[in-house]
Amino acid sequence: MDKFTNSAWFMRIVAFALAALLFISINFEMESDKKSLGLSTAPEISTETIENVPVEVYYDRENLVVSGVPETVDVTLKGAKSLLINAKNQRDFKVYVDLSDPAISMGDRTVTFKISDLNEKLVATIDPEYAEVNVQERVTKEFSVEAEYNSSLLEEGYTAGQPTVSPKTVKITGAKDAIEQISYVKANLEISKGLNETVNGKATVKALDRDLNKLDVTIEPSTVSVSLKVSIPSKTVSIAPKQIGKAKDGIRITSVSVDPKEVTLFGSETSLEKIDEVNLPVNISKIDGDTELELDLDKPESVQKMSLGKAKVKIRTEKVDVDEEDAEPVVKEEEPETEQKQEEKVVEEEAEAEEDEPAAIESKTFNNIQIVPVGIQDDQNAELESDVTSITLLGEADDLKKITKDDINLTVDVSNLDEGTHDVDLAVTVPEGVDWELESKTISVTITQKDEET
């Protein structure tokens with residue numbers, strides 16, 4: 001025994017054992033100290049939920065359409081806190097659905113979400129775990145676009161034509177069953193209340209099913225240009241001067257004339273139907289002699305606007321003796337008729353009969369009478385085939401002698417004309433008691449849009 005204990009190998013074994021015990025003891029104490037100081041080297045395990053993580057879908061986008069995949073999912077990660085914080089801040093991982101297999105069949109299917117580029121020391125749970133998707137053949141078809149607007153927003157009395165669209169057709173791409181459900185392709189033009197002028201704007205195109213539900217399809221182009229022509233009905237009526245008040249003593253009003261003789265009214269058709277003339281009150285109580293006045297025209301309540309707001313009035317007078325003006329007509333007593341008086345009466349009656357016979361009708365032709373277009377829209381140009389014409393007046397010689405070119409008005413109403421060339425009736429105003437003849441009662445009018453200012 002003493003020999004064994006005194007050997008070199010015994011001493012080596014004992015020394016190794018003591019060194020091992022000392023190493024274990026020192027490490028145990030260090031770990032205890034670290035735990036007491038909160039310096040444990042074991043990683044802290046935590047969980048973190050990252051919301052609204054985008055989902056990528058891999059499939060043949062040229063030939064297929066996939067629907068039913070949610071745009072985002074929530075991902076819960078579990079692992080070391082330091083790794084979780086980095087993953088949450090960087091978001092360098094991806095959630096995806098893989099439908100890239102060329103042999104994939106059409107129809108409904110259940111697919112699971114997958115995650116890539118995530119640290120392998122983290123465990124991920126995706127909510128939801130899977131999605132019900134539909135795979136359809138990708139179809140592109142051309143459709144006509146129909147523009148629409150809210151007509152109740154037009155100002156009272158104004159009307160609008162059919163809106164025009166440019167381009168008139170769009171290409172719609174989507175799943176085959178979605179394309180087959182398209183019943184309407186609409187472009188809604190947004191307008192403001194009280195619209196009283198032509199509007200040009202952009203409108204977003206929508207594809208709708210028969211129940212007016214919006215379909216999930218791609219439209220090219222997604223917006224179109226829409227033009228809506230807004231106008232107001234018009235009617236040209238005469239201006240009728242009406243004397244009010246009493247003329248001064250010694251003054252007699254011989255005539256009252258107005259220039260121009262007509263005014264164009266704008267309003268609803270039902271309102272215009274009831275108006276045949278616009279009265280112009282002329283106060284004669286302060287007239288001392290021949291006078292020319294410029295008076296305001298009163299706009300009828302039912303009318304939206306008038307082509308002019310004032311008119312010139314020409315008043316002609318003559319002076320009379322006050323006694324003559326106030327004198328009562330003398331009524332003579334009738335004397336018994338003698339034979340001579342009876343013969344004279346017969347002669348007078350024959351003369352009166354001759355005077356009662358209608359005078360011979362004569363004609364008078366006026367050349368180069370100006371034709372005036374009325375109701376031109378602010379954004380339009382109106383070009384007449386000819387802005388002058390000839391007119392022949394028919395009437396008694398004495399009446400025709402008094403008429404000049406200034407007494408004749410020729411107008412053409414272009415307020416409701418669309419762009420293009422139209423044959424429009426001429427409106428003729430001549431003095432009372434005469435008839436008129438024209439070579440043509442219509443004239444060709446070409447409407448064009450004004451160039452937009454750049």
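1. Terms and basis. A residue is called buried under 20% relative accessible area, exposed over 50%, and partly exposed in between, with a 1.4 Å probe and protein chains only. The structure is a predicted model, in which local features need pLDDT of at least 70 and side-chain atom pairs count only at pLDDT 80 or more, while totals for chains, interfaces and linings use all residues. Residues are numbered from 1 along each chain as its sequence is written, and side-chain values use heavy atoms, with hydrogens and water left out.

2. Overall make-up. The chain holds eight helices and 32 strands. Both kinds of element are DSSP runs numbered from the N terminus: helices are H or I with at least four residues, strands are E with at least two. Of the 454 residues in the chain, 31% are buried. The accessible surface comes to about 30800 Å², and carbon and sulfur atoms contribute 46% of that; the areas come from the Shrake-Rupley method with a 1.4 Å probe, and for residues only the protein chains shown count as cover.

3. Contacts along the chain. A contact means heavy atoms within 4.5 Å. Among contacts with a separation of 6 or more, 70% are between residues 24 or more positions apart.

4. Cis peptide bonds. Asp127 and Pro128 are joined by a cis peptide bond with omega about 0°. Pro128 sits in the loop between strand 7 (123–127) and strand 8 (130–144). A cis peptide bond also joins Ser166 and Pro167, with omega about -5°. Pro167 belongs to the loop between strand 11 (164–166) and strand 12 (169–175).

5. Positive phi. Asn52, a residue other than glycine, has a positive phi near 55°, and Asn52 is part of strand 1 (residues 45–58). Arg91 is not a glycine either, and its phi is positive at about 45°. Arg91 is found in the loop between helix 3 (81–90) and strand 4 (94–98). With a relative accessible area of 39%, Arg91 is partly exposed.

6. The whole structure contains nine salt bridges, a salt bridge being a side-chain nitrogen of Lys or Arg within 4 Å of a carboxyl oxygen of Asp or Glu. Side chains of opposite charge can pair when their charged atoms come close. Because Glu48 lies in strand 1 and Lys88 in helix 3, the pair ties together parts that are 40 residues apart in sequence. Glu48 is partly exposed at a relative accessible area of 28%, and Lys88 is partly exposed at 38%.

7. A loop-to-loop bridge. Lys248 pairs with Asp288 in a salt bridge whose closest N and O atoms are 2.6 Å apart. The two residues link distant parts of the chain, 40 residues apart: Lys248 is in the loop between strand 18 (234–244) and strand 19 (251–259), and Asp288 in the loop between strand 21 (277–283) and strand 22 (291–296). Lys248 counts as partly exposed, at 34% relative accessibility.

8. A strand-to-strand bridge. In the salt bridge between Lys310 and Asp296, the closest N and O atoms are 2.4 Å apart. Lys310 lies in strand 24 (residues 310–319) and Asp296 in strand 22, so the pair ties together parts 14 residues apart in sequence. Lys310 is partly exposed with a relative accessible area of 43%, and Asp296 is partly exposed with 48%.

9. Three strands form an open sheet in the order 26-32-29, with antiparallel pairing; two strands pair if DSSP finds at least two bridges between them. Strand 26 (380–384) and strand 29 (420–425) are at the edges with a single partner strand each, so one side of each is left without a neighbour in the sheet. Neighbouring strands of this sheet are turned by 30° against each other on average, direction ignored. Axes here are lines fitted to C-alpha atoms, for helices over the stretch in contact, and angles run from 0 to 180 degrees between N-to-C directions.

10. Detail at strand 26. Strand 26 is joined to strand 32 (residues 442–449) by five bridges, and the two run antiparallel. Glu383 stands opposite Thr446 in strand 32. Gln380 is placed in strand 26 and is buried, at 3% relative accessibility. Leaving aside residues up to four places away in sequence, Gln380 touches Lys229, Leu417, Ile447, Thr448, Gln449 and Lys450.
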